[in-house]
2 protein chains.
Amino acid sequence: MVKITLAVVALVALVYPSSVAALWPLPRSLQTGSQALTLSSSFSIDTAFTAPSDLQDAISRTLEYINQDKHKRLVVGRGSADASKLKDAPSLNKLNLHLGSKDALSIAQEAIKPLESRDESYTLIVPASGNATLCANSTLGLFRGLTTFSQLWYSFEDAVYTIEAPIAITDKPAYPYRGFMLDTARNFFPVTDIKRTLDAMSWVKINTFHWHVVDSQSFPLQVADFPELSEKGAYSPAQVYTPEDVKDIIAYAGERGIDVLIEVDTPGHTAIISESHSDFVACAGAAPWADFANEPPAGQLRLASPSVISFTQSLFSSLADQFPSSYVSTGGDEINLNCYAKDADTQAQLRKNGQNIEQALSTFVLEVHSTLKDKGKTPVVWEEMVIDHPVGVSNDTIVMVWISSANVRAVVDKGYRVVHAPSDYFYLDCGAGEWLGNDIAGNSWCDPFKTWQKAYSFDPLANLTAAQAPLVLGGQHLLWTEQSDSSNLDSIVWPRAAASAEVFWTGASQPNGKPRDVDEALPRLHDIRFRFVQRGVKAIALQPLWCALRPGVCDLQA
Amino acid sequence: MVKITLAVVALVALVYPSSVAALWPLPRSLQTGSQALTLSSSFSIDTAFTAPSDLQDAISRTLEYINQDKHKRLVVGRGSADASKLKDAPSLNKLNLHLGSKDALSIAQEAIKPLESRDESYTLIVPASGNATLCANSTLGLFRGLTTFSQLWYSFEDAVYTIEAPIAITDKPAYPYRGFMLDTARNFFPVTDIKRTLDAMSWVKINTFHWHVVDSQSFPLQVADFPELSEKGAYSPAQVYTPEDVKDIIAYAGERGIDVLIEVDTPGHTAIISESHSDFVACAGAAPWADFANEPPAGQLRLASPSVISFTQSLFSSLADQFPSSYVSTGGDEINLNCYAKDADTQAQLRKNGQNIEQALSTFVLEVHSTLKDKGKTPVVWEEMVIDHPVGVSNDTIVMVWISSANVRAVVDKGYRVVHAPSDYFYLDCGAGEWLGNDIAGNSWCDPFKTWQKAYSFDPLANLTAAQAPLVLGGQHLLWTEQSDSSNLDSIVWPRAAASAEVFWTGASQPNGKPRDVDEALPRLHDIRFRFVQRGVKAIALQPLWCALRPGVCDLQA
């Protein structure tokens, strides 16, 4: 039941044909025919080379998905009109994988290479008859191609088929970084949730799991050298990530072409460290919280203290050893200067150092970054570290812009590489209402809800010059979890997070040269959403099924 | 990561004590002590009378919940501070149930009585030592008392306990109607989803399942006399409610003290009937849809046609036989007059009848209501049937107000009884973004998200005179399912729908005489939410767990 007032209503509905090759994200180059082709019951995927075990596993999963998706075409009749074409259609017996390099590194090894040297490209040919071929320069590229291959097929009765053979795809990502960020500190997520999310991410070729693992509310990460952090800071002894859990998550991600970017947010968002190191934290639990932090509980590392700097360096050194990624995030958002101004300890230390707070912040950040660089890591920070504070982080630092997409230009103007993480497009928590207890008329700070359409309309190069374009590494959806946990993880993330996955894989244009377009995209997004559900990820319905079966009919008509 | 600007910030956080008796909804009268009491390992619930089988089942479920909730107190330490009190605490061996009437009707029989004769009252005494007693005039009252009893207990290690003994509760609902509405037409929900939802409803003493079973998008209900409606109108042969399913749902609901109020929305929202009876429906699928309906597809019953009236009467007659409730809803919202103005068939029929469209609407509705009354049913309608159209429905008709809570007074002024179902407080779908495909900047029509706090602040008697108060039967949360299906049912409904359950059970005041208050309520809502999750209903987290353990600390400070 809805009340809608339309200013302008045209007389004719534009009905878009459903794309049969319901791929998500769209490949960069795609040619399709109009012949039916079924998968042979003895269909196999073969490699001419010795495949590393994670590629072998990926092949097995691909076959499982193809057999178990049982996805009927999203058209009226659900594919019954295809039945006659399938009777005498040729069948595909084999997909042959070819690797264009002599060394078959594992997918996991390829997935953690620096962004500029990661090769995710592939070519996939599904002929009208004969065997199919998938070629890539890396096992990572082959994995991306397998992901695409698994999305080509529909089911009708016993047949697994396409009606768009022959199919030729040449593909590689428009941007090297395509991520998803999860906050596991406001509320805890079991490893099974994270693994399921990694699976889903891989289905839409997201390649980075940005793990905002700890925050002021809890410290679930067990750090070998600092066991007290999680002993005192986890919500419970059961709500922790053990070293084995971390290893498991990194391995699971790697096998799915996903790099794990760990973040320990500093110096803000660290109240929970006061539970184990009360002397390290300024204004811990200070009231009223809003004077000292953007959300309760207040508490920030005493950044001017040499022992705190040393602790933080050791912490990141430990993380650098634990996480094989080329990147580590030191955070750096929402530093509350009033907290430091009111902290006698910090003020005494500043006087002793002969520094003001900004100078001390710079020292703190650069010392920590120096530790990471010594370990071969490239630091990642939130935008405040280059926009709001004169920290002077080195130009190889990667900057995540979150407050507003309008701030990207300022970061790029300073020569930094950016990852788009704007709250105005990609924050999944917006629109879920106020989580502060007594705010009856309140709503989410970043209202309204960020729809998939809004995310899909994002232009990664807006306001930038052509010369600045290479500084854009990519982007990501993000889930802050004040109001989320296991109960709604899938439904708040999917399929929306698939929108940025396509924005940053496919780039500005469809393979036919036209700009990306929500009307073209929606039928494909319905398709991938149904595959998600079939594979056990509770992605939400975007429309009534009636609309999903009738592309374009449930449009706002202009 | 949030940006919050606070206009006024006070210096001291108001910290509310966590209510140990974490009951939801709050009883009307509640006295608690401060002594520890554990449940004996041989604890049993006994009846001195011959309990009907659904009460026996309810007793079994109560024992299961008590054993399996394993709910630790939501305080820092999770109840570890209680351990010393539990060592020598007396233990409770027995809860004795007493029925104050000679005839032990089943819960299901009591649950479908007319609202004015339904008795849900009970008295529950849990002494500091000795046996506990639950008394009621009906098995339905006993069931409500069992529900309350199951919420009294926390777990710590092996103990199941309260630290608030003795406990004395005298309870009955402030309003007789406390509902939840589910739309199973925009997207389909399997019977298991509906049963799980009925369980959850019963945990917070909701007593009416308002089943908006069909709509313009699909007709999943198999109607014995009109099998073609679902054969042609269901999304698929699997996505139907068979007569056995309906029987199963009614029985499952009844055993849980829930009446099933079936709605077949007429004469609007009926486009799908055109699939089986194309001659019965005006402007079926007409484009642009916005000229003919509030959402696609357009289509309304040709209400002036004698054969349509006859069909609709037969349909409701069949429903009246199938559903034992005293109430049936004929809908009546969002009638699009342009659809009828442009329909040559309707215009010809009006001329033949010598009626204008409003007169024909009146005839249509009154004829259908007459059929229902002949079957002993009281009709229920949406507000348009008394506010927007001069239909002249009889004064015993129950009116649901949905467009705005501001419209309640107009309905009551005409002498009708109302059920509060206002979109501005109780619509669960608001805030989830635009579901129309191509509306990039759009958002939900009833933005913003309706928080639990907003729902909880609802005043059922606002703008009414004291004399009008008895016309308010109660109210409900509602889920329209353009963007919902199995994937997010639990998370979009719970725990928000528990807010209206308490508004209409507990009424304006807490047992201590103070007005209901979100700060007092939140710790209890966290509690019941954790029980929901433990019992398999994926209710969402309302706050970081850090906040849930520290009542009042995550408040917006005034």
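**Pocket close-ups**

**View 1. Residue classes lining the largest pocket of the predicted model.** The lining of the largest pocket has 19 nonpolar, 15 polar and eleven charged residues; Ala, Val, Leu, Ile, Met, Phe, Trp, Tyr, Cys and Pro count as nonpolar, Asp, Glu, Lys and Arg as charged, and the others, Gly among them, as polar. In this predicted model, local features need pLDDT of at least 70 and side-chain atom pairs count only at pLDDT 80 or more, while totals for chains, interfaces and linings use all residues. Residues are numbered from 1 along each chain as its sequence is written, chains are lettered from A in the order in which they are written, and side-chain values use heavy atoms, without hydrogens and water.

**View 2. Centre of the largest pocket.** This pocket holds about 1,200 Å³ of space (an open set of points on a 1 Å grid over the protein atoms alone where a 1.4 Å probe fits, with protein on both sides within 12 Å along at least five of seven lines; lining residues have an atom within 4 Å of a point). The volume is the space filled by probe spheres set on the points, which are joined across faces, edges and corners. Of its 45 lining residues, Arg78(A), Leu545(A), Tyr235(B), Ser236(B) and Gln239(B) are the closest to the centre.

**View 3. H18(A) at the largest pocket.** Helix H18(A) gives the most to this lining, with five residues (helices are DSSP runs of H or I, at least four residues, numbered from the N terminus).

**View 4. The second largest pocket.** About 770 Å³ of space lies here. Among the 29 lining residues, Gln239(A), Arg78(B), Phe530(B), Gln534(B) and Leu545(B) are the closest to the centre.

Key: Helices (H or I, at least four residues) and strands (E, at least two) are DSSP runs, numbered from the N terminus.
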